[in-house]
Amino acid sequence: MTTKRISRKGTRIIKAGEIKQYYSMKQAIDAMERAFSLLSSGDSFVPLRNVFRLPSNDLLMLFKPAYVEDDKQVAIKFLTQRENSCIMGIPVIQGVVFVIDSVTGEILSIMDGEYITALRTGAASGLATRHFASKDAQTLALFGCGAQGKTQVEAVVCERNIKKVLVFDKNSKRAERFINEMEEKLNLEMIFCRDNSVLPEAEIICTATNSTKPLFRREEVKKGAHINAIGSFQPHMQELDPLLIKDAKVYVDQAEPCLKESGDFIKAKAEGIIDDNPIVGEIGDFYLKKIPGRESGDEITLFKSVGVAIQDYAVAADIYKFSLEKDFGLEINLFE
């Protein structure tokens, strides 16, 4: 048997600024539909993520692989995340995403993981908003003014004609900076809220915090509202009132990690408010027409996400393919 010799591929380095310039939130939202369909259909291999904390401090390390055989590609995201410390000028979440040829093992691309994480998380909420939120929703409430908060707003604005954003954050200076940046970028009215008294105005709520207790009460959520909850991805975290989970129509990105890792579910179950499986199903099951979507204007719908590697895969593979078409990124040969 003869072995055909081929030239090795270079590795394309793609920076956050290039992703922002060439790849839109709308493209990322569309990529999420494929991602969640691949996940729920079983046409992808997505092991549970590996998360560990350094013993000497509060730095988390997250390792998240995903593989799609039909594409012959693997994506691996490696992230670091500080839990409690604040270092001026240094993002809480940093990392890289590798796109790998699953046949040759070549590293096709290394791209910024910090922005991809925010982008694909926002895009997942955008997709849930596209299908579950009221069509005439005009008021969005956002809890959390970090990088994730920015893409949450951007994604919702892609899918609904939002006129006003109610902004909630414990740090008023951070909220002010956030509002100044996003008002100019999106041309929206944004209001900093010091308490939850105006929350019942919101038709859509996004939560993107590290909170360890509920951000608002069930009775503060209006009939027909839709909620995107992305912050509680560990057992000690909690953003949602357990009574809200009990009353809402709940969809998740991936059932097993959500139910086992999110404090929103773990704490609600420990209090005896919800049972072992309070969800309607995975959002991918909705696209596969296995479960219903919103069935009345009064239903409260909830999309709970802890983040799944197939989201990173779908966006990163898309960006890599697009970079070849539009010729952006720097190609280097690491093997020289």
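Glutamate 295 counts as exposed in this predicted model, at 59% relative accessibility. The residue sits in the loop that runs between helix H9 (283–287) and strand S14 (301–304). Its side chain makes a polar contact of 2.7 Å with the side chain of lysine 249. Glutamate 295 and valine 92 are 203 residues apart along the chain, and 39 Å separates their C-alpha atoms.

**Overall form**

The protein has 10 helices and 15 strands. Its radius of gyration is 20 Å, close to the 20 Å that the globule rule gives for 336 residues, so the protein is as compact as a globular protein of that length. Along the principal axes, the C-alpha atoms fill a box of roughly 70 × 45 × 40 Å. Of the 336 residues, 56% count as buried. The accessible surface comes to about 15800 Å², and carbon and sulfur atoms account for 51% of that surface. When contacts between residues at least 6 apart in sequence are considered, 71% join residues at least 24 apart.

In soluble globular proteins, nonpolar side chains tend to be buried together. The largest nonpolar core here has 47 residues, and the members that touch the most others are Met32, Met111, Ile310 and Ile319. Elements that each supply at least two residues of this core include helix H2 (25–41), strand S3 (59–68), strand S5 (93–101) and helix H3 (113–132). Helix H10 (309–326) is also among them. The largest share, 10 residues, comes from H10. A second, separate core has 35 residues, including Phe143, Leu199, Ala255 and Ile274.

What does methionine 32 contact, leaving aside its neighbours within four places in sequence? The residues are Arg120, Ala123, Ala124, Leu127, Gln311, Ala314 and Val315.

**Cysteines**

The structure holds 0 disulfides. Cysteine 258 is in no disulfide either, and its nearest cysteine sulfur, in cysteine 206, is 15 Å away. Cysteine 193 is buried, with a relative accessible area of 9%. Cysteine 258 is buried too, with a relative accessible area of 0%.

**Lysine 72, glutamine 73 and aspartate 327**

Lysine 72 is in the loop between S3 and S4, and glutamine 73 is in strand S4 (residues 73–82). Aspartate 327 belongs to the loop between H10 and strand S15 (330–332). The table gives the accessibility of each residue.

| Residue | Relative accessibility | Class |
|---|---|---|
| Lysine 72 | 47% | partly exposed |
| Glutamine 73 | 15% | buried |
| Aspartate 327 | 59% | exposed |

Lysine 72 has a phi near 55°, a positive value in a residue other than glycine. Aspartate 327 likewise has a positive phi, near 55°, and is a residue other than glycine.

Not counting residues up to four places away in sequence, glutamine 73 touches Ala66, Tyr67, Val68, Val99, Ile100, Ser102, Leu108, Tyr313, Ala317 and Tyr320. Glutamine 73 counts as buried because its 15% relative accessibility is under the 20% limit.

Notes:
Residues numbered from 1 in each chain as written. Predicted model: local features only at pLDDT ≥ 70, side-chain atom pairs only at ≥ 80, totals over all residues. Heavy atoms only, no water. Disulfide = S-S within 2.5 Å. Buried < 20%, exposed > 50% of the residue type's maximum accessible area, 1.4 Å probe, protein only. Helix = DSSP H or I, 4+ residues; strand = E, 2+ residues; numbered from the N terminus. Contact = heavy atoms within 4.5 Å. Polar contact = N/O pair within 3.5 Å; in protein donor to acceptor, adjacent residues only side chain to side chain. Core = buried A, V, L, I, M, F, W, Y, C linked by side-chain atoms within 4.5 Å. Rg over C-alpha atoms; globule rule 2.2 N^0.38 Å. Areas by Shrake-Rupley, 256 points an atom, 1.4 Å probe, with all protein chains shown as cover.
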